[in-house]
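Grab a pencil and work through these exercises with the structure open beside you. Try each task before you read its solution.

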Amino acid sequence: MSASRRLDALLEAGVGFVAGVPCSYLKKLFAGCAELPAGFFLPAVREDHAVAACAGAWLGGRRALAAMQNSGLGYCLEVLTSLHLMYRIPLPMVVSDRGAPTDYEEHRILGQGTRRLLDLFGIPWREAHTGEHEAEAHWLVEASERERTPAVLLVGKEADV
Amino acid sequence: MTRAEAVALTLSSLADGDIVVAADGAISREAYRALDRRRTFYMLGSMGQVASIALGLAMTRTERVVALDGDGNLLMGFGGLAMVGGLKPANLYHLVLDNGCYATTGGQPALSRMVDLAAAALGAGYLWARRSSSGEHTRGAVESWLAARGPALLNLAVDAGETDPAPRVPMTPEEMATRARAALTSA
């Protein structure tokens, strides 16, 4: 058992490597990642480097998960399109769902375009709900591996379990 | 020494089990032409991510991982140096083929002429980093680099000219990824 039930469910679903940049909506998930054994968690300096490292870990034989704030999707776009989508490399992603009208200004513009951005590149996504972390972990791994594509679980503040 | 000659010399110095990540553009094409290996991953895009992909491999594999990078490429993804230097994977060997310019787009000058990439690697935490001119000493420089304690970075100066361009790698991206992963994971 780690600090995060969501991370436990993802590990149970076969995730064997995590790279990411923290978000305050994902505090529990990152607290769990910090407890993973050496070689399982990469604290990346920017989100594009995180997803590129996940591609390397997948080539190495692991199921690799990326975790980040949705603002990081902008940095990732070149890598998601010219690495994961083009080479068909699976990438389960846990992305915080920031940008509600009540959220701070800096989160709103990209936050309110997150779903359209993912739809534009055909990246499947789903919203996380409290208490469904096991089904969501299963969906995320399945969706990314079946089509060998990035797939995104959008996690609101209350769904960081 | 041309970049293609330096790529060929490096590939000829590796063991069969070594894993190679070849940078997008000319470096991948030259690596394929010099010596195609099932354990080489050829990048086509994602400029700036050579070290990050190599780090993901180095963290999940025990074999040596060799990143064939370019100077402009490394500068674009400079944060990758911090991740490698911070995590210090002992099996990561980083070669920066440095022509001081963006050769494939017309030779526009790159800031590698003003930035000491080997010093930056040491500052980030690499355990070994050196700059070397290319020529008759290159084989010795490559041998010293591969014998050093990793993570180790060799910044190798190569000619700026683009002569004898190598053709594109005749595989689909999906084939490149599937083949490299299968070579690493099938018993």
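**Exercise 1.** In what order do the strands of the open sheet in chain A lie, and which are the edge strands?

*Solution.* Keep in mind that you're looking at a predicted model. Start by tracing the sheet across: six strands of chain A line up as β2-β1-β3-β4-β6-β5, paired in parallel. Next, look for strands that pair on one side only; these are β2 and β5 (125–127) of chain A, the edge strands. Finally, zoom in on one edge. β5(A) runs parallel to β6 (residues 150–155) of chain A, and three bridges join the two. Across this pair, A:Trp125 stands opposite A:Val152 in β6(A).

**Exercise 2.** Find the buried residues of helix α2 (residues 27–34) in chain A. Why do they end up on the same side of the helix?

*Solution.* First pick out the residues: A:Leu29, A:Phe30, A:Gly32 and A:Cys33 are buried. Then check their directions: they're on the same side of α2(A) because they cover an arc of only 155° around the axis. Last, ask what lies over them. The cover includes α1 (5–12), β1 (15–20), β2 (41–43), β3 (63–69) and β4 (91–96) of chain A.

**Exercise 3.** Move to chain B and take strand β3 (residues 65–70): how many of its residues are buried?

*Solution.* Count along the strand: six of the six are buried, so β3(B) is largely enclosed by the rest of the structure. Now sort them by direction. B:Val65, B:Ala67 and B:Asp69 point one way, while B:Val66, B:Leu68 and B:Gly70 point the other way. Then look at the neighbours. With β1 (residues 19–22) of chain B, β3(B) makes four bridges in the parallel sense, and B:Val21 has B:Ala67 as its bridge partner. With β4 (residues 92–98) of chain B, the pairing is also parallel, over six bridges; here B:Asp69 stands opposite B:Val96.

**Exercise 4.** How many residues does each chain bring to the contact, and which element gives chain A's side its largest share?

*Solution.* Begin with the totals: 28 residues come from chain A and 28 residues from chain B. On chain A's side, α3 (47–59) and α4 (72–87) each supply at least two residues. The largest share, ten residues, comes from α3(A). Sort chain A's side by class and you get 17 nonpolar, six polar and five charged residues.

Technical notes:
Residues numbered from 1 in each chain as written. Chains lettered and ligands numbered in written order. Predicted model: local features only at pLDDT ≥ 70, side-chain atom pairs only at ≥ 80, totals over all residues. Contact = placed C-beta atoms within 7 Å. Nonpolar A, V, L, I, M, F, W, Y, C, P; charged D, E, K, R; others polar. Buried ≥ 20, exposed ≤ 12 C-beta atoms within 10 Å, placed from the backbone. Arc of directions from axis to C-beta. Pairing = 2+ DSSP bridges.
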